[in-house]
Structures are given as C-alpha cells and as structure tokens.
Amino acid sequence: MTAFPVKQNRYPPKLTLVIGNKNYSSWSLRPWLAMAANNIPFAEVLIQLDQSNTRQLALQYSPTGKVPALKFGTLMIWESLAIIEYVADRHPEAGLWPADPDRRGLARALASEMHCGFQALRSHCPMNLRRKATRRLSPEAEQDVMRLTNYWRRFRAEAASEGDFLFGKFGAVDAMFAPVATRIRSYEIPVDQASNDYIDAIYALPAFKKWFDAGTAEPWRIPAVDNIDKPQATGTPARR
Ligand SMILES: N[C@@H](CCC(=O)N[C@@H](CS)C(=O)NCC(=O)O)C(=O)O
C-alpha cells in the first residue's frame with residue numbers, strides 16, 4: 001500500500017482528430033483511417049475547407065492553419081505523418097508499423113515518400129471521392145502512377161501470405177496510401193491486377209466505407225476540384 005495513493009484522472013483526455021471535408025481532405029483521411037481501421041478510439045472535429053474562416057478555425061489547433069491536427073488534453077500535434085507516429089507510440093498494441101525493424105524501415109520510407117512525393121499525381125488528380133470520370137494524365141502524373149504501382153506490386157507480392165495490405169495487416173503505410181488509391185478509382189486510372197486488388201482491399205474496410213459514405217454525402221462543394229477538367233481561370237487547386 002502506498003502512503004500517497006496516485007490520484008486517478010476520472011476523465012482522462014481523449015484523442016481528438018481535427019479534419020477537413022471528408023470528400024476532399026486527403027491528409028485528414030490518413031490519420032483518421034489509421035486510427036479507425038485499428039479500433040483506436042478518438043473523437044473528431046470537422047472544419048469545412050475552402051471557406052473564408054477555414055484558416056482561422058484551423059489555427060486554433062495547428063500552427064500551420066491546416067488540417068489534420070490531433071488534440072490530446074493540452075497537447076496539439078500537426079502534420080498527418082507525425083500524428084500517425086504519435087498515435088502509434090501511444091497505442092503500440094495497434095501495430096500500426098511492422099514489428100520487424102527492417103520491414104518497419106521500409107514501411108516508413110514508403111510513408112515518408114508519400115508524405116512529400118507524388119506531387120504530379122496529387123495536383124493533377126486532387127482527392128474527390130464523389131468523382132467517377134476519366135482524366136487524361138500528364139506524363140509526370142503517369143510516372144507517379146508507375147512508381148506507386150511498382151511499390152504496391154512488390155510489397156503485395158512479399159506480404160501475400162500475411163494479409164491484404166502492403167505488410168500484411170492494415171497499417172500506417174496503407175493509411176498513407178489510401179487517398180491515392182481513391183484517386184485511381186475516381187479518375188479511372190488503369191492499373192495492374194495486384195494494384196486493383198490492393199485498392200479493393202482498402203475500399204472493403206468498414207472504416208474506409210464509413211469515411212467514404214460520409215464524404216460523398218457532404219453537401220459542401222469545392223468548385224476548383226469539382227471543375228478540374230475545365231480550364232482554370234487562376235492557378236491550380238491546392239494539393240489535397
Ligand atoms: N503536410 C500537411 C498537409 C496538410 C494540408 O495541406 N491540409 C489541407 C487539407 S487536406 C488544408 O488544411 N488546407 C487548408 C488550406 O490550405 O487552407 C499534413 O501532412 O498534414
């Protein structure tokens with residue numbers, strides 16, 4: 001028996017993820033799906049993107065004025081990949097990264113490349129879950145698709161006996177790739193069978209279906225993304 005019993009917090013803080021519109025916010029989908037698909041409990045706060053007060057609202061949670069952001073008590077973590085890493089540290093039981101250090105290194109390399117790369121594909125085909133129409137790709141975006149699907153083929157072949165995802169079970173790296181998987185469907189980009197099967201496995205996740213259904217039912221529209229096929233009057237939409 002301890003002389004000074006530790007005071008239990010009756011209402012421990014819970015993880016709250018601040019996200020953007022589900023139809024368009026690819027960066028928000030990543031940590032949301034990493035947590036939801038692995039049964040990590042969290043609350044969500046949605047900030048509507050592309051509004052005059054979007055930045056002001058997001059600045060309450062993130063110094064960049066962008067979403068996603070994660071709130072845990074008074075702690076705020078921003079940047080999608082850093083949020084996933086923080087959640088993986090807090091919930092080691094969820095196994096968001098492969099247990100083997102070599103495979104974990106590879107998974108982190110893929111996730112990091114997704115976080116800073118594939119810009120041509122991201123800007124040419126911004127996430128838009130409601131869309132279902134072909135778009136002719138730029139040569140740079142085509143190269144991104146080739147590079148992406150080469151990875152998917154390689155890692156699916158290596159993990160074929162362990163599950164449906166890149167390292168067997170659905171983890172952080174799959175959550176990082178999920179929004180580009182949706183672009184392949186939305187913009188009807190032809191890919192090989194192994195990549196199609198991988199995308200199907202993401203779409204079959206109950207957590208993904210929940211996000212997709214909520215996103216496609218949202219009433220809000222971002223015209224620059226919906227009208228991506230029309231010549232743009234000013235610039236290109238932000239990469240989402
Ligand atoms: N590098 C950031 C990117 C975050 C980002 O660009 N978020 C977009 C939504 S998907 C945003 O907040 N846009 C609002 C704005 O630019 O005003 C991350 O990984 O979290």
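This report on a predicted model covers the contact between two domains and the packing of helix H6.

## Domains and their contact

The protein splits into domain 1, residues 16-93, and domain 2, residues 96-220. Their C-alpha centres are 19 Å apart. Domain 1 gives 19 residues to the contact, and domain 2 gives 24 residues.

On the side of domain 1 that touches domain 2, helix H1 (26-36) and helix H3 (80-90) each contribute at least two residues. H1 provides the largest share of that side, with seven residues. By residue type, the side of domain 1 that touches domain 2 consists of 11 nonpolar, six polar and two charged residues.

## Helix H6: length

Helix H6 runs over residues 139-158 and has 20 residues. From the first C-alpha to the last, H6 reaches 29 Å, which is close to the 28 Å expected at 1.5 Å a residue.

## Helix H6: buried and exposed faces

The buried residues in H6 are Ala141, Asp144, Val145, Leu148, Thr149, Trp152, Phe155 and Arg156. These residues lie on the same side of H6 because they cover an arc of only 135° around the axis. The exposed residues Pro139, Met146, Asn150 and Ala157 sit on the face of H6 turned away from the buried side.

What do the buried residues of H6 pack against? Their partners are helix H5 (119-124), helix H7 (172-186) and helix H8 (193-204).

Key:
Residues numbered from 1 in each chain as written. Predicted model: local features only at pLDDT ≥ 70, side-chain atom pairs only at ≥ 80, totals over all residues. Domains from an automatic or database assignment. Contact = placed C-beta atoms within 7 Å. Helix = DSSP H or I, 4+ residues; strand = E, 2+ residues; numbered from the N terminus. Nonpolar A, V, L, I, M, F, W, Y, C, P; charged D, E, K, R; others polar. Expected span 1.5 Å × (residues − 1). Buried ≥ 20, exposed ≤ 12 C-beta atoms within 10 Å, placed from the backbone. Arc of directions from axis to C-beta.
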